[in-house]
Amino acid sequence: MKIFLSLLGLALLSVPAHAAAPRRPNILFIAVDDLRNDLGAMGAAHARTPQLDAFAASARIFTHHYVQAPTCGASRCALLRGRYPTEAAHVGNGGIASTHASWGDANLPAWFQRHGYRTYALGKITHHPGGRTGRLWADGPEELPGSWTRSWIPATPWREAENIMHGYANGRPRSPGKTPPLEAFAGPDSAYPDAWVADEAVRQLRELAAAAEPWFFAVGFFKPHLPFAAPKSYFDLHDPERIPALPSAAAAKPEWPSTWHPSGEFRRNYAHAGRDPDADPAYAREVRRAYAASVSYVDAQIGRVLDALRALDPAGQTIVVLWSDHGFLLGEHAIWGKHCLYENSLRSPLLIRAPGLAQPGAASAALVETVDVFPTLTDLCGLPAPAGLDGRSLRPQLDRPATPAAKPARGFWTEGQRTIRSEHWRLIASRSADGSPQFELFDYATDPLETRNHAATQPEILRDLRAQLALRPELPAPSAKSSGKKKTPESRQP
Ligand SMILES: [Ca+2]
């Protein structure tokens, strides 16, 4: 036996280096929080996003990427699980923590780890930055145990994860309902958390450059999530007069029976000093400007990480994904927030750069979804995919940007709300107060701002989309324990 083992050892040692399997590509996955498609590279004329625009010129720009659920934790649950929500918990922020035990290693980081990757989560990747679910998200059980080589937040003046998540300048934490939704501080980039995330990401990238194993490094930034807070220099990039206003029909509360909500996150978690952006055009402009400034600030921080990667990997052999967990309505439908199934709540940027990408900088208008990210990454890295993923690899759109969508886009929300988006239409199915079915049907070919509900006037389209919707089972009602009392479903979301 001993001799056999020594012979085996010799045989392994004598395998010539060139016969070894090629090393699998590394992945840098950048998550941005609450970023709608407000990038210059995606046609937003008022945006000031030079770093992401430069990155987009080297990547595939997916202009019609849709998330599965319009809140942070639920969207990230679909990303990491690679599946549509199948339980009520999957549309809440606690879905990862409460259901991961049944996933096995069929989650994105665990799967890559099983296939020889080191996996890292810096900042906000799961719902809780750093991946802890206890007090101030600083200790307690792990949100997604057994999946990361390391999951952490940098050491900063904000200290705990919950405070860095909603932080104001220089370590000041949010006081829910008492602190403002906007802040411009005349100071350096490091006055706000994302500069610290970028610093830490650059440090980690330098360390990983020497790693023997391939790596999957997820870096999660906090802006432009509320509060819309950034150094004043980023506000100065935006002339308030140039921030576009919405046509009044697009800014109105729907006149039809709808899934409208009262913007609980924006109105209740922050102090507005009596101002209401729906009634005060100057305030609406200030809010939109602060959002744009927060986007410019995070753009600059991401740019520093991409610069560091370029220096370490000049040949561009690393796969880079930029993704946001959902969009944000800035007054569309008289909503200031996400937590609904309207277009700009579910639509968010997805940019992918892969070695040898054809036609870098070209846009794909194919409908793609967050659940497509998992099979795309396994495909690009030459790994098998776990059984049961709902998405499709986006390699066809990476190879040829004009390749059409493989499927419609689906979205899910609380109280059984569901949506399906085809190239021209979106159907939102919900229930009215008496439990009867209720439909909203929008035609993006003629009405991109969703100002008219066609549910009563397009019976054939409605029938067809309802049939497609029925191909997936409705989410079971939440258990009595998790559904709580009569809260507005979106108001309890942070
Ligand atoms: Ca988010």
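Ala334 comes out as partly exposed because 18 other C-beta atoms lie within 10 Å; the cut-offs are 20 or more such atoms for buried, 12 or fewer for exposed, and in between for partly exposed, with C-beta atoms placed from the backbone. This is a predicted model, so to speak: local features need pLDDT of at least 70, side-chain atom pairs count only at pLDDT 80 or more, and totals for chains, interfaces and linings use all residues. Residues are numbered from 1 along each chain as its sequence is written. Ala334 sits in the loop between β10 (329-330) and β11, and its phi is positive, about 55 degrees, although it is not a glycine. Asn170 is another non-glycine residue with a positive phi, near 60 degrees. Its place is the loop between α6 (161-165) and β6 (182-185), and Asn170 counts as exposed because it has 12 C-beta neighbours inside 10 Å. For background, most residues other than glycine have a negative phi, and most peptide bonds are trans.

Two cis peptide bonds turn up as well. One runs from Lys223 to Pro224, with omega near 10 degrees, and the other from Leu226 to Pro227, with omega near -5 degrees. Pro224 is in the loop between β7 (215-220) and β8 (228-231), and Pro227 lies in the loop between β7 and β8 too.

Zooming out, the protein chain has 16 helices and 18 strands, taken as DSSP runs numbered from the N terminus (H or I of at least four residues for helices, E of at least two for strands). The radius of gyration is 23 Å, which agrees with the value near 23 Å for a compact globule of 494 residues; it is taken over C-alpha atoms, and the globule rule is 2.2 Å times the number of residues to the power 0.38. Along its principal axes the C-alpha trace spans about 80 × 55 × 50 Å. Buried residues make up 49% of the chain.

The largest nonpolar core holds 128 residues, and Phe29, Ile30, Phe217, Ala218, Val321 and Leu322 have the most contacts inside it. Such a core is a set of buried Ala, Val, Leu, Ile, Met, Phe, Trp, Tyr and Cys residues joined through C-beta atoms within 7 Å. Ile30 is in contact (C-beta atoms, placed from the backbone, within 7 Å) with Val219, Ile302, Val321 and Leu322, leaving aside neighbours within four places in sequence.

Helix α13 (residues 373-380) is mostly covered, with seven of its eight residues buried. Those buried residues pack against β1 (27-32), α3, α5 (108-114), β9 (319-324) and α14 (395-399). Gly382, which follows α13, has a positive phi near 70 degrees.

Two histidines in loops are also buried. His90 is in the loop between α3 (72-81) and α4 (95-99) and has 23 C-beta neighbours inside 10 Å. Leaving aside neighbours within four places in sequence, His90 is in contact with Ala74, Cys77, Pro85, Gly95 and Thr99. His339, in the loop between β11 (336-337) and α12 (343-346), is buried with 26 other C-beta atoms within 10 Å.
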